[in-house]
Amino acid sequence: MSTMAGVRRSTGFVRFKEERCTGCAACLRICPTKAIRIRHQKSIRIVDQCIGCGACIRACPAGAVSAATIGLDGIRSDHVAIALVSPVLYAQFPGVMPGGVLLGLHRLGFHHTVDMSFFLEMFQYAAEEFIRRNRRSPGSPWPLISPICPVVVRLIAFQFPSLLPHVLPVLRPVALMAREVKKRIIPAHTSQGRPVGLYFINPCPTKAGARSDRRGTPPEPHEAAIGINDLFSELKRQVDQVLDSDMIPFSGSGFEFETCSSGNAALGAMSGGEIANMDIEKTLSVHGLQETVAYLHKIEMGLLKDFEYIEFRTCREGCLGGVLTAVDPYIAKRNVQKMVGVFGLGRRLPRDTILRLYEKGQFQPDQDPRMLTRLFGASRPAMSLEEARRVEAVLEDIEGRDCGACGSPDCRTFAEDVVRGHAALADCIWLHARKQEGKPTRFDRPTDDGRGEKS
């Protein structure tokens, strides 16, 4: 049996601890890209694209799967630490205003804390303008799909590449945020010889930043992702101290985007929050991994053309349900609703200013979304007709039960692994049982030319 090409035990999003694996196969059954294999009851392999959804982390009862993030001890003390803050973080602290949370981050050692609400407003203005102009373009793809959840975009590139033209070609809020930080904050420190680190505080395993691929750009700063659950306990201690003191949160902020004064940021963390304050009528919000896949199939079949824009989130309740959060998503949702009641949904940025930036191309992504197919498309080569015929023969022989005992997510994937030389027919316990009972199988019988087929 040949060795799987590109086999690895970790990805840029998750890590597997083989010594903790019990071989229960929960992770391989839930993986949307069928990237996981288990061999010898606990030897985990990654054989295809991981899109960073975190479903395997949530499914594993033994804690054998973890996010590829760092803890607070991973923050470099010799760097100027800049925290790029997901609005989900505010929802973890009931009764605490965002300024208090950001001040708590400062007390943890971050020199700058950048709030996403400023950039969410920029994104919303740009998205509204693109959709408004797209209505006048004949042949425009409808509906457009929100680019904010990177897992959704990667899933489309892997499983629904024909839908990539539907992905709204506007820079995501986190990309706008990272670009502004690199333009306005980082040079002030690097010009004085101080190294800088960007830390994305995330509710899910996917690191939110996107490095520039343009030639001639300055060297990128050190970047890392920190899960909200990695810093929650210590941050809560700092926030509690802020609440017990007479401190005024952020009276000395250096940039306008280092404060949070809008309910938009918190609202954007929950399902439907992105579209709630956008001037687009024909919208839809879908959350949950299986629901996302189901509705992408509907778009592919042309069933949702009456909608202009669909917000997808692969986590239940939106980003509030991310696997790296610290608070129950329904409690966090209630916290968001209270915060919106305090702040309201007004915008703080003038529309005309954002439209001038739009005309200058400031919201255009560096890459065409279709380039993502090369990065996140299926990495396994296409099968020949003969190989496809053999796959069907294997399926007929094993009488598929999709039990996962073989270490592949389902029978068809197992049959493909057998034909590719990555698994053996003996790995199927049902086929093995029939052989023990003396029942012949297709692969025990000679073929028309007198030769027995072998995997």
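## Overall organisation

Among the contacts in the chain with a separation of 6 or more, 78% are made by residues 24 or more positions apart. The model is predicted, and its chain contains 17 helices and 11 strands.

Of the 455 residues of the chain, 53% count as buried. The accessible surface amounts to about 21000 Å², and carbon and sulfur atoms account for 51% of that surface.

## Helix α15

Helix α15 covers residues 385-398, a run of 14 residues. From its first C-alpha to its last, α15 reaches 20 Å, close to the 20 Å expected at 1.5 Å a residue. Glutamate 399 follows α15 and has a positive phi, near 50 degrees.

The buried residues of α15 are Arg390, Val391, Ala393, Val394, Leu395, Asp397 and Ile398. Their cover includes two further helices, α16 (411-420) and α17 (429-436).

## Cysteines

The count of disulfides in the model is 0. For cysteine 50, the closest cysteine sulfur belongs to cysteine 56 and lies 6.2 Å away, so the pair is too far apart for a bond, given that a disulfide requires sulfur atoms within 2.5 Å. Cysteine 50 is buried, and its relative accessible area is 14%.

Cysteine 406 likewise takes part in no disulfide. The nearest cysteine sulfur to cysteine 406 is that of cysteine 403, at 6.1 Å. With a relative accessibility of 13%, cysteine 406 counts as buried, because the cut-off for that class is under 20%.

Methods: Residues numbered from 1 in each chain as written. Predicted model: local features only at pLDDT ≥ 70, side-chain atom pairs only at ≥ 80, totals over all residues. Heavy atoms only, no water. Helix = DSSP H or I, 4+ residues; strand = E, 2+ residues; numbered from the N terminus. Expected span 1.5 Å × (residues − 1). Buried < 20%, exposed > 50% of the residue type's maximum accessible area, 1.4 Å probe, protein only. Contact = heavy atoms within 4.5 Å. Areas by Shrake-Rupley, 256 points an atom, 1.4 Å probe, with all protein chains shown as cover.
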